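Student: I would like to learn how to read a structure feature by feature. Where should we begin?

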Amino acid sequence: MAERWPEKWDVGMGLPSGKTVNLPLVRGEDGFSIYALDMMGETVLNAEAAEALRQRLAAFDFDIILTAEAKAIALAQELARSLNNMDYVVLRKSLKLYMHNPVSVEVKSITTNNPQRFYLGEDKLQELCGKRICILDDVLSTGGTMRAIMHLAEQTDCEIAVIAVVLTEEIGWQEFEGVPVVSLGHIPLPGASEFMTD
């Protein structure tokens, strides 16, 4: 019979400590629900997730990390440090005065009601040119955010070598738009299906 989704979802992510992460069920006003992963401010979790991703990314050759504001920035910093202080570029959600000749792309995320935009200044865009890129995010779900990141990256002469995420959601992505996906775990998307038990 159909049951309500549990208030917490335990997910193992292959962390060095063996820690299991408990994700709370968050309900939107429209009844849509997700299990929320929020790693901002979680120093140990970001460091452990970065180390676990570093190990899984060993088979891939890339020069720079690309992420989006804001939830995965701390993870990007930790991953970059673990990769011998590799540089990383952050797509911004607002236009800054110091961005010369910026490019932008609209993004629709399941966790945000209204469409947003990602922005990147010309100098940061140049940092991606000719590079093999690892796109990093916390969760890959329906793909709206990831498509926007990829679209913006593709405006440069770069190659997207791999996508790295902490969790996949609903779909157990092994590749996305032809790019291999590396992840640490998988969670359901309550807003997309029903939880069934015997």
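Tutor: With helix length. The expected span of a helix is 1.5 Å times one less than its number of residues. Keep in mind throughout that this is a predicted model.

Student: What span should helix 1 have, and how far apart are its end C-alpha atoms?

Tutor: Helix 1 covers residues 43-56, which is 14 residues, so at 1.5 Å a residue it should span 20 Å. Its end C-alpha atoms are 20 Å apart, in agreement with that value.

Student: Which residues of helix 1 are buried?

Tutor: First the general idea. An α-helix has 3.6 residues a turn, so residues three or four places apart point the same way. In this case, the buried residues of helix 1 are Leu45, Asn46, Glu48, Ala49, Ala50, Ala52 and Leu53.

Student: How should I read a nonpolar core? Which residues touch the most other members of the largest one?

Tutor: The largest nonpolar core has 33 residues, and Met13, Leu53 and Leu57 touch the most other members. At least two residues of this core come from each of strand 3, helix 1, helix 2, strand 9, strand 10 and strand 12. There is also a second, separate core of 29 residues, with Val105, Ile149, Ala153 and Trp173 among them.

Student: Which residues is Leu53 in contact with, leaving aside its neighbours within four places in sequence?

Tutor: Leu53 contacts Leu75, Leu79, Leu136, Ala164, Val165, Val182 and Leu184, once those neighbours are set aside.

Student: What is the order of the open sheet of three strands, and is the pairing parallel or antiparallel?

Tutor: The order is 2-3-4 and the pairing is antiparallel. Strand 2 (8-12) and strand 4 (33-35) form the edges, each pairing on one side only. From one strand to the next the twist averages 25°. Three bridges join strand 3 to strand 4, and Val26 has Ile34 of strand 4 as its bridge partner.

Student: Is Ser33 buried or exposed?

Tutor: Compare the relative accessible area with the cut-off: under 20% is buried. Ser33, in strand 4, has a value of 9% and is therefore buried.

Student: Where is Pro188, and which residues does it contact beyond its neighbours within four places in sequence?

Tutor: Pro188 is in the loop between strand 12 and strand 13 (195-196). Its relative accessible area is 14%, so Pro188 is buried. Beyond those neighbours, Pro188 is in contact with Trp5, Trp9, Tyr35, Glu169 and Glu170.

Student: What joins the side chains of Ser141 and Glu169?

Tutor: A polar contact of 2.8 Å joins them. Ser141 belongs to the loop between strand 9 and helix 4 (144-153), and is buried, with a relative accessible area of 9%.

Student: Last, backbone geometry. Which peptide bond is cis, with omega near 5°?

Tutor: Read omega for the peptide bond and phi for the residue. The bond from Glu69 to Ala70 is cis, with omega near 5°. Ala70 is in the loop between strand 5 (64-68) and helix 2.

Student: What is phi of Asn84, and is Asn84 buried or exposed?

Tutor: Phi of Asn84 is near 60°, a positive value in a residue other than glycine. Asn84 lies in the loop between helix 2 and strand 6 (88-91). Its relative accessibility is 72%, so Asn84 counts as exposed. Asn85, also in the loop between helix 2 and strand 6, has phi near 60° and counts as exposed at 59% relative accessibility.

Key
Residues numbered from 1 in each chain as written. Predicted model: local features only at pLDDT ≥ 70, side-chain atom pairs only at ≥ 80, totals over all residues. Heavy atoms only, no water. Buried < 20%, exposed > 50% of the residue type's maximum accessible area, 1.4 Å probe, protein only. Contact = heavy atoms within 4.5 Å. Core = buried A, V, L, I, M, F, W, Y, C linked by side-chain atoms within 4.5 Å. Pairing = 2+ DSSP bridges. Axes fitted to C-alpha atoms, helices over the stretch in contact; angles between N-to-C directions. Polar contact = N/O pair within 3.5 Å; in protein donor to acceptor, adjacent residues only side chain to side chain.
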